[in-house]
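Take a moment to look over the model before reading on. The paragraphs below go from the whole chain to single contacts.

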Amino acid sequence: LEDLIATEAGILSTQSGTFRERFRTASVPYDKDWRSARVAGTIAGATVFAAGCIALVTGWKYGPLAALGVGNFVMILSSMENPHRMAPRIFMGVLSGTVAATIFRIWVLPHAGGTLDIVLMVFPFLLIGGFLRASRATSVEAVDYNMCFLLGGQPFLPAETDLSRILESGLALVLGVALVC
């Protein structure tokens, strides 16, 4: 970090004042809260370990997917200043992305005849995600919508035809995030 800051200072020293103001809009914090980082890391590790153990003990086929959701979102939320404010927004993004992925897998993907079909079928879902991301009101939710749509939609894998498996995999992803939120 110090090398990057020194390099940045060298670049900025050769530029005009206006460029420096536009380039640097926020200061880089030097102080690290190591105690908070250790607590968050310990909680994240313990939570992921517990979720993984539960997935193994129950033998649920989609348990590892739920454990993955727990692990990812524990790390994401523990790195935020106000996780209690962001958790509901993240959950809504995950839920909407998973619902979109489920719709895609059940009613759209089985009709794909090739790669071009899949690209054209994915396009409307990603267009919606792009519009959501461009809006200030839904930009946070849109990140998780897009991520969960692409994870859960599995557009380039062979189409799953068993409805219960499609619903169960979506439930596992939502459940993992819901437990954390």
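**From overall shape to helix pairs**

The protein has a radius of gyration of 21 Å, whereas a compact globule of 181 residues would have one near 16 Å. This radius is taken over C-alpha atoms, and the globule rule is 2.2 Å times the number of residues to the power 0.38. Along the principal axes, the C-alpha atoms fill a box of roughly 60 × 40 × 30 Å.

A word on the source. This is a predicted model: local features need pLDDT of at least 70, side-chain atom pairs count only at pLDDT 80 or more, and totals for chains, interfaces and linings use all residues. Residues are numbered from 1 along each chain as its sequence is written, and side-chain values use heavy atoms, with hydrogens and water left out.

What is the secondary structure of the protein? It comes to eight helices and zero strands. Helices (H or I, at least four residues) and strands (E, at least two) are DSSP runs, numbered from the N terminus.

Buried residues make up 29% of the 181 residues. Buried means under 20% relative accessible area, exposed over 50%, and partly exposed in between (1.4 Å probe, protein chains only). Ser 96 lies in helix H5 (residues 83–108). Ser 96 is partly exposed, because its relative accessible area is 32%. Val 174 is 78 residues from Ser 96 along the chain, yet their C-alpha atoms are separated by 9.6 Å.

Now for the helix pairs. Helix H3 (residues 34–58) packs with helix H4 (residues 63–78) at an angle of about 170°, their axes 8 Å apart. Axes are lines fitted to C-alpha atoms, for helices over the stretch in contact, and angles run from 0 to 180 degrees between N-to-C directions. H3 is therefore roughly antiparallel to H4, a term for angles over 145 degrees. The residues of this contact divide into 10 nonpolar, five polar and no charged. Ala, Val, Leu, Ile, Met, Phe, Trp, Tyr, Cys and Pro count as nonpolar, Asp, Glu, Lys and Arg as charged, and the others, Gly among them, as polar.

Helix H6 (residues 115–134) and helix H7 (residues 139–153) pack at about 160°, with axes 7 Å apart. So H6 is roughly antiparallel to H7. Their contact has 11 nonpolar residues, four polar and one charged. Among the residues that meet are Phe 125 and Arg 133 in H6, and Tyr 145 and Phe 149 in H7.

How values were computed. Parallel < 35°, antiparallel > 145°, perpendicular 65-115°, else oblique. Contact = heavy atoms within 4.5 Å.
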